[in-house]
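Reader: Hey, I've got a model open and could use a quick tour of how it's put together. Can you walk me through it?

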Amino acid sequence: MNKAVFLDRDGTINVDFGYVYKAQDLKLLPGAAEALRIFQELGYLLIVITNQSGIGRGYFTLEDAELFNRTLAQELEKHEVILKDFYTCPHAPEEHCECRKPSPFMVMEAMKKYDIDPSQSYMFGDKRSDTECGERSGIKSFRVTEEHPLIYWANQLKNNLL
Ligand SMILES: [Zn+2]
């Protein structure tokens, strides 16, 4: 089986300016690319799990969100980081879909598709809904904050402290 690091996108990898979808609003958080490279070097697949309710609210389209995802992937390729896949919930909360975090749905789909062992995997995100999603998927989950950004967690994992 494979092991994976599941990641929230906005506020975890890139700066969350609020409903980010324009390429010019792509700004990597300090240390994020290095953190992802550490996870990758430790043998984890990198999979992004993102709520994009701006689509359901009509602020931008699914195509806009997917273009932003590709732009992010290309930016990270410059740092030799390969994002394996993106799972995007396009729904507004009022739609009561099955995929929106904290639902474990998108993580479960990814675990099936890529034969991922939850006991060897991690979720990192800046919101309670991220860690709850991870916990409901049966994977160890940690909150990204200003004090503890993604690079902090990558170093913790590298040093066998998680
Ligand atoms: Zn959804």
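Reader: What covers the buried residues of H4?

Author: Keep in mind that this is a predicted model. The cover over the buried residues of H4 includes E1, E2, E3 and H5.

Reader: And which residues of H4 are buried?

Author: Met 106, Val 107, Ala 110 and Met 111. Looking down the axis of H4, those buried residues fall within an arc of 135 degrees, so they line one face of the helix.

Reader: Which exposed residues sit on the face of H4 turned away from its buried side?

Author: Lys 112 and Lys 113 are carried there. Just after H4 you get Asp 115, with a positive phi of about 50 degrees.

Reader: OK, switching to H5. Which of its residues are buried?

Author: H5 spans residues 128-136, and its buried residues are Asp 130, Thr 131, Cys 133 and Gly 134. Seen down the axis of H5, they fall within an arc of 155 degrees, so they line one face of that helix.

Reader: What do they pack against?

Author: Strand E1 (4-7), strand E2 (45-51), helix H4 (105-113), strand E4 (122-125) and strand E5 (140-143). Following H5 is Gly 138, which has a positive phi near 80 degrees.

Reader: Let's do the sheet. What's the strand order?

Author: It's an open sheet of 5 strands in the order E3-E2-E1-E4-E5, with parallel pairing. E3 and E5 are the edge strands, and each pairs on one side only. Neighbouring strands are turned by 20 degrees against each other on average, direction ignored.

Reader: How many bridges between E2 and E3?

Author: They pair in the parallel sense over 5 bridges. For instance, Val 48 has Phe 86 in E3 as its bridge partner. H5 packs on this sheet too, touching E1, E2, E4 and E5, and its direction makes about 170 degrees with that of E4.

Reader: What about the core, which residues touch the most other members?

Author: In the largest nonpolar core, which has 43 residues, Val 5, Phe 6 and Leu 46 touch the most other members. The elements giving two or more residues to this core are E1, H1, E2, H3, E3, H4, E4 and helix H6 (150-158). As background, nonpolar side chains in soluble globular proteins tend to be buried together.

Reader: Zoom in on Leu 46: what does it touch?

Author: Leaving out residues up to four places away in sequence, Leu 46 touches Val 5, Leu 7, Leu 36, Phe 39, Gln 40, Ile 82, Leu 83 and Lys 84.

Methods: Residues numbered from 1 in each chain as written. Predicted model: local features only at pLDDT ≥ 70, side-chain atom pairs only at ≥ 80, totals over all residues. Buried ≥ 20, exposed ≤ 12 C-beta atoms within 10 Å, placed from the backbone. Helix = DSSP H or I, 4+ residues; strand = E, 2+ residues; numbered from the N terminus. Arc of directions from axis to C-beta. Contact = placed C-beta atoms within 7 Å. Core = buried A, V, L, I, M, F, W, Y, C linked by C-beta atoms within 7 Å. Pairing = 2+ DSSP bridges. Axes fitted to C-alpha atoms, helices over the stretch in contact; angles between N-to-C directions.
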